[in-house]
Amino acid sequence: MRNTLLKDIVLNMQPECPEEYLRSGGTEAIICDRAGLKYIAAEPLVRGIEYLYDLNVQTEACGRNGAGEMGISCNYETLDENNKAIVDKYLERKGKSIVLPTNDHVASTRFRISIDVDDEVDTVESAEARLMDEIYSIHYVMLLTQLV
């Protein structure tokens with residue numbers, strides 16, 4: 001599976017998650033146990049959401065947000081002020097913006113950590129590695145600011 005091209009997997013798959021891992025029913029519910037994360041995401045995204053979970057960053061969605069892109073959406077409101085400033089700089093550098101709550105889909109203010117992908121070239125492994133590099137780049141800055 002690790003060498004499978006992205007074109008051969010479903011990135012927006014929402015497999016059934018056993019109820020014991022959910023705070024409330026359905027795959028849109030908040031996962032309250034790390035072991036449940038693998039049930040809500042396609043393989044190239046699982047490692048990233050597990051890493052963010054371990055950092056107490058609340059992830060709220062993952063998968064595709066259009067062709068040629070994959071990533072993880074996180075709850076901006078759960079960050080402290082220092083980390084919000086770091087995420088703001090990250091988003092500015094990437095030319096991205098925060099997604100504000102809407103009545104029809106997004107319930108919280110979110111930011112997205114994402115990478116560009118080529119379904120014909122990228123494998124599960126290569127996409128996962130690049131997404132993790134993107135996550136590490138933000139976390140590294142967060143750690144540096146704590147040392148100052």
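1. D54 is partly exposed, with a relative accessible area of 46%; on this scale buried means under 20% relative accessible area, exposed means over 50%, and partly exposed lies in between, with a 1.4 Å probe and protein chains only. The model is a predicted one, in which local features need pLDDT of at least 70 and side-chain atom pairs count only at pLDDT 80 or more, while totals for chains, interfaces and linings use all residues. Residues are numbered from 1 along each chain as its sequence is written, and side-chain values use heavy atoms, with hydrogens and water left out.

2. R34 forms a salt bridge with D54, and the closest N and O atoms of the pair are 2.8 Å apart; a salt bridge here is a side-chain nitrogen of Lys or Arg within 4 Å of a carboxyl oxygen of Asp or Glu. This pair links distant parts of the chain, since R34 belongs to the segment before α1 and D54 to helix α1, 20 residues apart. R34 itself counts as partly exposed, at 35% relative accessibility.

3. R34 also meets the side chain of E50 in a salt bridge, at 3.8 Å from N to O. E50 lies in helix α1 and R34 in the segment before α1, so the pair ties together parts that are 16 residues apart in sequence.

4. In helix α2 (residues 81–94), K84 and E81 lie 3 residues apart, about one turn of the helix, and their side chains meet in a salt bridge at 3.6 Å, N to O. K84 counts as buried at 17% relative accessibility, whereas E81 counts as exposed at 60%.

5. By the stated rule the count comes to 12 salt bridges, and R2, E43, R47 and E128 are linked in a network of such bridges.

6. The protein has 3 helices and 3 strands, which run α-β-β-α-β-α from the N terminus on; helices (H or I, at least four residues) and strands (E, at least two) are DSSP runs, numbered from the N terminus. The strands form an open sheet of 3 in the order β1-β2-β3, with antiparallel pairing, where two strands pair if DSSP finds at least two bridges between them. β1 (59–64) and β3 (110–116) stand at the edges, each with a single partner strand, so one side of each is left without a neighbour in the sheet. The twist averages 15° from one strand to the next.

7. β1 and strand β2 (residues 69–75) pair in the antiparallel sense over 5 bridges, and C62 stands opposite I72 in β2. Helix α1 (residues 43–54) lies across β1, β2 and β3, running at about 20° to β2; axes are lines fitted to C-alpha atoms, for helices over the stretch in contact, and angles run from 0 to 180 degrees between N-to-C directions.

8. For the chain as a whole, buried residues make up 41% of the 148 residues. Of the contacts with a separation of 6 or more, 54% are between residues 24 or more positions apart, contact meaning heavy atoms within 4.5 Å. The protein exposes about 8,500 Å², of which carbon and sulfur atoms supply 50%, with accessible areas taken from the Shrake-Rupley method with a 1.4 Å probe.
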